[in-house]
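Trainee: I would like to learn how to read a model like this one. Please take me through it feature by feature.

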Amino acid sequence: MKFKIFLLFIFILANHSINAQQTSTSPYSSVGLGDNKTNSDIVISSMGGIGTAYISDFNNEVNFINPAANRNLRYTSFNISVNTDYTDEKTSLESSDRSTTYLANLAFAFPIGQKSRAGVNLQPYTNIGYDMTLDATSPVNMKSILKGRGGLNSFNGFYSYNVTKELSLGAKIGYIWGELKKEQENSIQNAALISGIFNKKEYNFFDYTLALAYQKKLKKDHLLKLGATYNIGHKVNTDIDYVYSTYYYDVYGNKKSVDTLTYINGEKKTKIPSSFSLGVAYGKEFKWSLGADFKFTNQSKLEIPEDNLEYKNRYRVAIGGWVLPNVNSFRSYFQRVIYRYGIYYENTGIELYNHTINQYGLTAGMSLPLGKSGRQDPSLLNLGIELGQRGTKSDGLIKENFVNFKIGFNFDDLWFRKRRYD
């Protein structure tokens with residue numbers, strides 16, 4: 001009972017703290033709804049993000065990317081993870097380093113009887129965080145200062161049902177909320193006035209995902225796994241606060257307004273695009289697995305109020321897996337460690353100055369047992385690392401090299417299960 005109260009306290013505390021997080025330092029987060037942060041689970045992200053067909057061989061791992069893939073969950077599982085991101089940003093003229101640490105995922109899942117599974121998690125959804133200064137000398141000397149802050153958070157609940165010994169169906173509902181703030185200040189050398197744009201958008205909406213998972217046991221304990229998800233696109237209400245004005249700064253640095261040229265305050269529609277993912281995995285039970293994922297987002301349908309950018313479709317390809325030397329080894333601790341690996345490529349669908357912004361990376365991780373040998377005490381310490389690159393230095397754009405460190409705990413226990421003996 002004390003652990004359950006502690007768990008509830010952690011969720012309440014995280015709900016308050018996650019709103020103040022700064023999870024992105026990338027200038028590319030200024031585009032669209034910001035950096036996507038939904039692939040935050042250490043186990044899955046350490047394998048390149050191959051979550052669509054990740055039906056875990058173990059009975060303590062939860063999958064929120066594909067809710068139907070939780071058919072083997074037997075323990076009540078509590079997960080918490082923290083990420084630290086380091087980014088080196090380079091242009092053709094200069095470079096800078098940035099870093100941020102944030103709560104990446106808080107999850108709680110449990111079995112309901114023999115066939116049903118359910119769970120909730122709290123995580124960042126998107127985030128923006130940038131400070132840029134742009135200088136132009138033609139046709140006039142002009143300076144632009146751009147700043148962005150804020151993010152959207154996601155509270156998700158899933159339910160899955162094992163229809164047969166091989167097929168499972170699932171659904172996930174997410175509540176997305178938060179605000180995105182962007183500011184731009186333009187000034188011309190020796191001009192008395194400055195023009196500025198303040199843009200704030202506030203979101204509150206629900207997100208829906210349908211999923212299925214299939215697992216077939218073959219000869220010699222080999223497993224074939226398939227998965228698919230579909231995220232439903234829809235229009236959502238957006239509260240807009242948009243101001244285009246002219247002003248100047250007095251000798252004390254205080255802003256003095258001169259005129260408001262455009263003012264918009266009210267509710268408009270944002271069109272969230274649909275997406276789907278397909279996955280396949282093959283391996284030997286409790287020994288190894290290799291899988292591949294493909295995700296497509298119909299991003300050309302993305303429509304954001306007071307945003308004139310044209311978006312292209314987005315897709316992501318990933319390959320990854322895991323190896324476990326000996327699940328029941330009692331002589332060597334590292335024989336019981338699960339080693340994970342992955343690689344991915346992503347076309348973000350963002351085009352700037354005729355350049356498509358692509359991202360790719362290498363991932364690795366380990367799941368370190370915290371209890372006894374075998375599968376009787378499944379709590380884990382999860383470690384992960386991601387090395388990647390995004391963007392280009394051509395035509396004044398920014399090339400980002402990043403290293404992300406991830407650490408988390410997976411605590412497990414037997415709840416909601418009737419005792420056979422007293």
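Trainee: What is the mean pLDDT of the protein chain?

Mentor: pLDDT is the predictor's confidence in each residue, from 0 to 100. Here the chain has a mean of 89, and 90% of its residues reach 70 or more. Over residues 418-422, though, the pLDDT is below 50. That stretch has zero contacts in the model beyond near neighbours in sequence, a contact being heavy atoms within 4.5 Å. Where pLDDT is low, the predicted coordinates should not be read in detail.

Mentor: Some ground rules. This is a predicted model, where local features need pLDDT of at least 70, side-chain atom pairs count only at pLDDT 80 or more, and totals for chains, interfaces and linings use all residues. Residues are numbered from 1 along each chain as its sequence is written, and side-chain values use heavy atoms, with hydrogens and water left out.

Trainee: In which sense do β5 and β6 pair, and over how many bridges?

Mentor: Terms before the case. Helices (H or I, at least four residues) and strands (E, at least two) are DSSP runs, numbered from the N terminus. Two strands pair if DSSP finds at least two bridges between them. β5 and β6 pair in the antiparallel sense over 21 bridges. They form a hairpin, with four residues between them.

Trainee: Which strand do 20 bridges join to β6?

Mentor: That is β7, residues 194-217, and the two run antiparallel. Q184 stands opposite I197 in β7. The hairpin of β6 and β7 has five residues between the strands, and N190 there takes a positive phi near 70°.

Trainee: How many bridges pair β12 with β13?

Mentor: Ten, in the antiparallel sense, between residues 288-297 and residues 314-323. T297 stands opposite R314 in β13. β13 also pairs with β14 (residues 338-352), antiparallel, over nine bridges. There, R316 stands opposite E346 in β14.

Trainee: How many salt bridges does the count come to?

Mentor: Side chains of opposite charge can pair when their charged atoms come close. The rule is a side-chain nitrogen of Lys or Arg within 4 Å of a carboxyl oxygen of Asp or Glu. By that rule the count is 18. One of them joins D85 and K37, at 3.8 Å from N to O. This pair links distant parts of the chain, 48 residues apart: D85 is in strand β2, and K37 is in the loop between β1 and α2.

Trainee: Are D85 and K37 buried or exposed?

Mentor: Buried means under 20% relative accessible area, exposed over 50%, partly exposed in between (1.4 Å probe, protein chains only). D85 has 7%, so it is buried. K37 has 15%, so K37 is buried too. Now take K217 and D221, a salt bridge at 3.8 Å. K217 is partly exposed because its value is 48%. D221, at 39%, is also partly exposed.

Trainee: Which residues are linked in a network of salt bridges?

Mentor: D35, R390 and E400. Another salt bridge joins D250 and K256, with the closest N and O atoms 3.9 Å apart.

Trainee: How far from K172 is the nearest side chain of opposite charge?

Mentor: For charge, Lys and Arg count as positive and Asp and Glu as negative; His and the chain ends are not counted. K172, in strand β6, is buried yet has no salt bridge, and D207 is 6.1 Å away. The backbone oxygen of F64 lies 2.9 Å from a polar atom of the K172 side chain. K172 also touches other residues, including N156, Y208 and T209.

Trainee: Where is N156, and what does its side chain contact?

Mentor: N156 is in strand β5. At 6% relative accessibility, it counts as buried. A polar contact is a pair of N or O atoms within 3.5 Å; within protein, one must be able to donate a hydrogen and the other to accept it, and residues adjacent in sequence count only if both atoms are side-chain atoms. The N156 side chain makes one with the side chain of S154, at 2.9 Å.

Trainee: What is the phi of Y353, and of D395?

Mentor: Y353 has a positive phi of about 50° although it is not a glycine. Y353 sits in the loop between β14 and β15 and is exposed, at 61%. D395 has a positive phi of about 55° and is not a glycine either. D395 is in the loop between β16 and β17, and is exposed at 55%.

Methods: Lists of a residue's contacts leave out its neighbours within four places in sequence.
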